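This report is for a reader new to the structure below.

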Amino acid sequence: MKASYTIRTAKGDRSLTPGSGYVLPHEHIICDLRARWSGQGDAHDLDAPGLPLGPETIDAVRHDSQGTVRENLMLSDWYVAAQELLEARRSGCGLLVDLTAHGLGAMPSLAVRAADAAGLDTVIAVGRYIVAALTPEERDLPSAALAEEWTKAAENGIDGCAVGVIGEIGLSVDMHEAERRSLQAAATTHGHTGLAVNVHIEPGHGLGTAHEALSLLESGGTDPAKIAISHIDYETDLNALIELARRGCYLEFDLFGRAFPPVSEPNRVDMITSLVDAGHGDRVLLSQDICMRHGLRRWGGPGYGHLAREIHPVLRDRLGAAGTELLISENPMRFLSLGQ
Ligand SMILES: [Zn+2]
């Protein structure tokens with residue numbers, strides 16, 4: 001175990017020691033997910049007053065989280081966020097990575113305000129989400145222009161916050177040309193800044209896009225040890241996960257708290273322990289990707305403390321205290337660290 005890792009938090013570089021608190025490497029604090037709206041009408045129409053998220057609508061929302069009430073796709077209240085984040089802090093979380101990229105309504109200073117109020121350190125991201133979240137002009141941007149913009153953001157900060165990671169770089173099931181340009185820009189920005197890259201693949205569609213993304217980033221000079229592939233939770237083929245881990249990137253199980261029959265949370269824990277047994281324990285990341293209101297405790301959701309409450313104890317039983325710390329503390333610190 002390394003003594004400490006230097007990580008660029010929103011407030012500047014910090015030296016963090018594994019075991020000094022767990023890390024949530026993929027969350028959202030202030031976020032607008034309306035690019036994924038699948039219900040009636042335009043995503044950007046406003047819900048009629050009187051049809052908010054509430055006791056009358058929450059069951060329907062749980063059943064169809066992205067097509068019932070637009071309000072469910074908005075994490076827009078910093079004070080509510082602070083209250084919710086407190087559960088992560090109280091369960092031992094020290095650092096939370098907010099991967100709210102362009103296209104997801106990022107408001108870093110508001111996110112940091114919420115995390116601050118809850119006593120949490122935050123890492124802020126630069127990058128852009130899937131093509132559906134971009135305007136036609138944004139889709140057409142050449143990768144060099146994107147890379148220049150992102151490098152500048154990484155060097156100067158965004159909204160008064162230092163930037164500590166590139167992501168989440170959104171990729172659709174069939175990778176769009178604009179998304180390929182996002183990956184090229186991520187590789188160039190990584191080359192200039194050394195910041196790690198987090199890639200979003202659509203969950204439940206296999207790992208083909210992950211391999212393609214890895215190859216593109218590697219051909220742009222990115223070390224696989226600085227790449228994390230998000231949302232791999234629903235992969236049921238252990239050998240496919242081992243094949244991906246062998247390429248040297250991080251495998252992020254970050255949809256804990258969400259049901260996706262038939263892949264239950266115990267299935268995911270089995271998959272993780274199998275990866276550890278196969279020698280890839282140093283490449284596993286765990287998070288919850290809270291990005292909708294029904295994921296919050298106040299709406300009966302799992303909340304930011306779900307992993308600590310439900311999953312960490314199971315991992316400690318199966319992997320021991322040190323084996324668990326590797327997954328929840330050292331791995332994300334090593335992934336995010338600067339200059340290594
Ligand atoms: Zn994502």
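## Gly-54

Gly-54 lies in the loop between β4 (31-32) and α1 (58-63); helices (H or I, at least four residues) and strands (E, at least two) are DSSP runs, numbered from the N terminus. The model is predicted: local features need pLDDT of at least 70 and side-chain atom pairs pLDDT 80 or more, while totals for chains, interfaces and linings use all residues. Residues are numbered from 1 along each chain as its sequence is written, and side-chain values use heavy atoms, with hydrogens and water left out.

Gly-54 counts as buried because its relative accessibility is 6% (buried is under 20% relative accessible area, exposed over 50%, partly exposed in between; 1.4 Å probe, protein chains only). His-294 is 240 residues from Gly-54 in sequence, and the two are 10.0 Å apart in space, C-alpha to C-alpha.

## Ser-329

Ser-329 sits in helix α10 (residues 306-336). With 0% relative accessibility, Ser-329 is buried. Its side chain reaches the backbone nitrogen of Gly-19 at 2.9 Å.

Apart from neighbours within four places in sequence, Ser-329 is in contact (heavy atoms within 4.5 Å) with Pro-18, Gly-19, Ser-20, Gly-21 and Val-23.

## Nonpolar cores

The largest nonpolar core has 82 residues. Such a core is a set of buried Ala, Val, Leu, Ile, Met, Phe, Trp, Tyr and Cys residues joined through side-chain atoms within 4.5 Å. Helix α10 supplies the largest share of this core, six residues. Among those with the most contacts inside the core are Ile-29, Phe-253 and Ile-229.

A second, separate core of 17 residues includes Leu-16, Val-123, Phe-335 and Leu-336.

Definitions and conventions. A polar contact is a pair of N or O atoms within 3.5 Å; within protein, one must be able to donate a hydrogen and the other to accept it, and residues adjacent in sequence count only if both atoms are side-chain atoms.
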